Amino acid sequence: MEANGFGLQNFPELKNDTFLRAAWGEETDYTPVWCMRQAGRYLPEFRETRAAQDFFSTCRSPEACCELTLQPLRRFPLDAAIIFSDILVVPQALGMEVIMVPGKGPSFPEPLREERDLERLRDPAAVVSELGYVFQAITLTRQQLAGRVPLIGFAGAPWTLMTYMIEGGSSSTMAQAKRWLYQRPQASHKLLGTLTDALVPYLIGQVAAGAQALQLFESHAGHLGSELFGKFALPYIRDVAKRVKAGLQKAGLAPVPMIIFAKDGHFALEELAQSGYEVVGLDWTVAPKKARERVGKMVTLQGNLDPCALYASEEEIGRLVQQMLDEFGPQRYIANLGHGLYPDMDPEHVGAFVDAVHKHSRLLRQN
């Protein structure tokens, strides 16, 4: 199958598949590591590259996305790259305006307020043609990586995207989006279904373009209790995995491991482990040993050092990493932070984290 002019068979051979093997639950010689938001403002070269244009213009430039994705790989021996993009390109592709306000974050000038506002959304089938620039960025980056490490594609989960589209930006309570769940359950399901219908071909398209793993971000899971999560988030999380896997098979594409990261969704850990994903990402509020006891060996776990631990000394980072690795165990595990890197973090400390994971995990396997 052709992907944006490049045949998939033309991609350089993968030299380091440790991340993929861990994701599939196979044995690895050491624990692979990558960081959420590893391409980010904590790197001076990132800020320099980004200074030239606004955020979403950068997202629409395959060359800029490729450069930003590769920057952390030049500094650190990470075991995976994640394409530089944003979860809100999907609402944009559905016809909603989103602007990135410096110091505030994403803003929707005309959020969804009434049920009739759903009629403004484009047909979800149009999303793939609208997001060709993401596929081009993935193909270009996969070529430029030259097989060094696998490339991860991603998207936001339906509930998380819904919150932005209704709230009009970030919110500490998600009260407007949750009001929809209670007052307009049918309209909520209609919107979540539309988003799922958009996400499935988008994720399949990322794999066709060269992504070797996929992560679904349910960043706002913690705003839902167990009942609302079970009704309005989990069914769509499951549906995305099931339909993407079936779609890859139908398109003659090899399966890729899928990761679900539901921030603050610890109340649904067992359900997430059975939702069709090979990897369950954990935030830093979850105790690794308890998580392993709850999900058993059926999935690979990913996480979950407190990002703020990177403010500690390099020696303390090493101690915390060692403790984390001991608790997760040597196999079926991918090291990461419990959320993304913050802009004011010292790149040297990110390097110390990556090196500590590699060093201590090799020692663990010797004992």
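Modeller: Helices (H or I, at least four residues) and strands (E, at least two) are DSSP runs, numbered from the N terminus. This is a predicted model, with residues numbered from 1 along each chain as its sequence is written. Local features need pLDDT of at least 70, side-chain atom pairs count only at pLDDT 80 or more, totals for chains, interfaces and linings use all residues, and side-chain values use heavy atoms, without hydrogens or water.

Biologist: Which residue does Gly 303 join through a cis peptide bond?

Modeller: Omega at this bond is about -15 degrees. The cis bond joins Gly 303 to Asn 304.

Biologist: How far does helix H15 reach from its first C-alpha to its last?

Modeller: H15 covers residues 314–328, which is 15 residues. The expected span is 1.5 Å times one less than the number of residues. That expectation is 21 Å, and H15 comes close to it, reaching 21 Å.

Biologist: Within what arc do the buried residues of H15 fall?

Modeller: Buried means under 20% relative accessible area, exposed over 50%, partly exposed in between (1.4 Å probe, protein chains only). In H15 the buried residues are Ile 317, Gly 318, Leu 320, Val 321, Met 324, Leu 325 and Phe 328. They line one face of the helix, because their directions from the axis to the C-beta atoms fall within an arc of 170 degrees.

Biologist: Which helices and strands are included in what covers the buried residues of H15?

Modeller: Contact here means heavy atoms within 4.5 Å. The cover includes strand E10 (300–305), strand E11 (333–337), helix H14 (288–295) and helix H16 (347–366).

Biologist: How many residues of H10 are buried?

Modeller: Helix H10 runs over residues 185–209 and reaches 36 Å, close to the expected 36 Å. Just after H10, Gly 210 takes a positive phi of about 130 degrees. H10 is mostly covered, and of its 25 residues the buried ones number 18.

Biologist: How many residues apart in sequence are the parts that Phe 46 and Phe 84 tie together?

Modeller: Rings of Phe, Tyr and Trp (its six-membered ring) pair if their centres lie within 6.5 Å; planes under 30 degrees apart count as stacked, over 60 as edge-to-face and the rest as tilted. The structure holds eight such pairs; in this one the centres are 5.7 Å apart and the planes at 65 degrees, so the pair is edge-to-face. Phe 46 lies in helix H2 (44–50) and Phe 84 in the loop between strand E3 (81–82) and helix H5 (89–93), so the parts tied together are apart by 38 residues.

Biologist: What is the angle between the planes of Phe 154 and Phe 217?

Modeller: Both residues are buried. Phe 154 lies in strand E6 and Phe 217 in strand E7, so the pair ties together parts that are 63 residues apart in sequence. The pair is edge-to-face, with 5.6 Å centre to centre and a plane angle of 80 degrees.

Biologist: Is Met 174 buried or exposed?

Modeller: Met 174 is in the loop between helix H8 (158–167) and helix H9 (175–183). Its phi is positive, about 55 degrees, although it is not a glycine. With a relative accessible area of 1%, Met 174 is buried.

Biologist: What is the relative accessible area of Gly 252?

Modeller: Gly 252 is found in the loop between helix H12 (234–250) and strand E8 (258–262). Its C-alpha is 39 Å from that of Tyr 42. Gly 252 is exposed, at 65%.
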